[in-house]
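Here are my notes on the model. Please read them with the structure open.

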Amino acid sequence: MPGRLLTSPGSRFWVTCYTDASFGPSGAGWAVWARCVEGRVVRRGACPGYVKSSLEAELAAIFAGLFVACRTWGARVGGVVVRTDCQAAIHLLTTDAVRPRTQNRWPGAMRLRAKILALVKERGIDLELRWVMGHQASNSVQAYLNRACDKLAAVARSGACEPPGARRRRRQRRRGAPVGAARGLT
């Protein structure tokens, strides 16, 4: 029966999130594919402005996955399994004591690490991080979902730094219309 809750209102469940990020000179984007017994959610977006490396972009994607799970399913989320292709992000989140040199070198990563750990603690979520090999050619579910998140993150990155109206101006140029024609500026 569509629309029926598969869990009782008081029960807690696990969410599986596949996350990936795309980082380049034009900006950074993240993508999340999240699923639980009540359905799935697929989201993408631009990384915060302080993200200056691929590690920070991957951490932003992990935070987005947790945030999307909590926002979508609320307090019923008891745990989240995050599947990511970034071993450095997994290591940073599972290490109790981060070396001062790492803290100084990666301030954005430390900021995102703190946000992730605070969200997990605040919501009482069990967090499990699992590595998925990135860019593999197999047809497994893990490989497919990692590739899907990779493509969505690249799309999010490409639109991350566009000024408002840039897409409209590109379409107008392709059609041969003057740039200001849509707003009556010509």
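1. The largest pocket is lined by Leu 55, Ala 88, His 91, Leu 92, Thr 95, Ala 97, Val 98, Arg 99, Thr 102 and Trp 106. A pocket here is an open set of points on a 1 Å grid over the protein atoms alone, where a 1.4 Å probe fits, with protein on both sides within 12 Å along at least five of seven lines; lining residues have an atom within 4 Å of a point. The space in this pocket is about 170 Å³, counted as the space filled by probe spheres set on the points.

2. This is a predicted model: local features need pLDDT of at least 70, side-chain atom pairs count only at pLDDT 80 or more, and totals for chains, interfaces and linings use all residues. Residues are numbered from 1 along each chain as its sequence is written, and side-chain values use heavy atoms, with hydrogens and water left out.

3. By class, the pocket lining has 6 nonpolar, 3 polar and 1 charged residues. Helix H2 (residues 87–94) gives the largest share, 3 residues. Helices are DSSP runs (H or I, at least four residues), numbered from the N terminus.

4. H1 and H2 pack at about 65°, axes 9 Å apart. They are therefore roughly perpendicular (65 to 115 degrees). The crossing is right-handed. In H1, Leu 55, Glu 58, Leu 59 and Ile 62 meet Ala 88, Ala 89, Leu 92 and Leu 93 of H2 (contact: heavy atoms within 4.5 Å). That contact has 7 nonpolar, no polar and 1 charged residues.

5. Helix H1 (residues 54–73) and helix H4 (residues 107–123) have axes that come within 9 Å and cross at roughly 20°. H1 and H4 are therefore roughly parallel (under 35 degrees). Their crossing is left-handed. Among the H1 residues that meet H4 are Phe 63, Phe 67 and Cys 70; the H4 side includes Leu 112, Ile 116 and Arg 123. By class, this contact has 14 nonpolar, 1 polar and 3 charged residues.

Technical notes
Axes are lines fitted to C-alpha atoms, for helices over the stretch in contact, and angles run from 0 to 180 degrees between N-to-C directions. Helices (H or I, at least four residues) and strands (E, at least two) are DSSP runs, numbered from the N terminus. Angles under 35 degrees count as roughly parallel, over 145 as roughly antiparallel, 65 to 115 as roughly perpendicular and the rest as oblique. A crossing is left-handed if the near helix is turned anticlockwise from the far one by less than a right angle, and right-handed if clockwise. Ala, Val, Leu, Ile, Met, Phe, Trp, Tyr, Cys and Pro count as nonpolar, Asp, Glu, Lys and Arg as charged, and the others, Gly among them, as polar.
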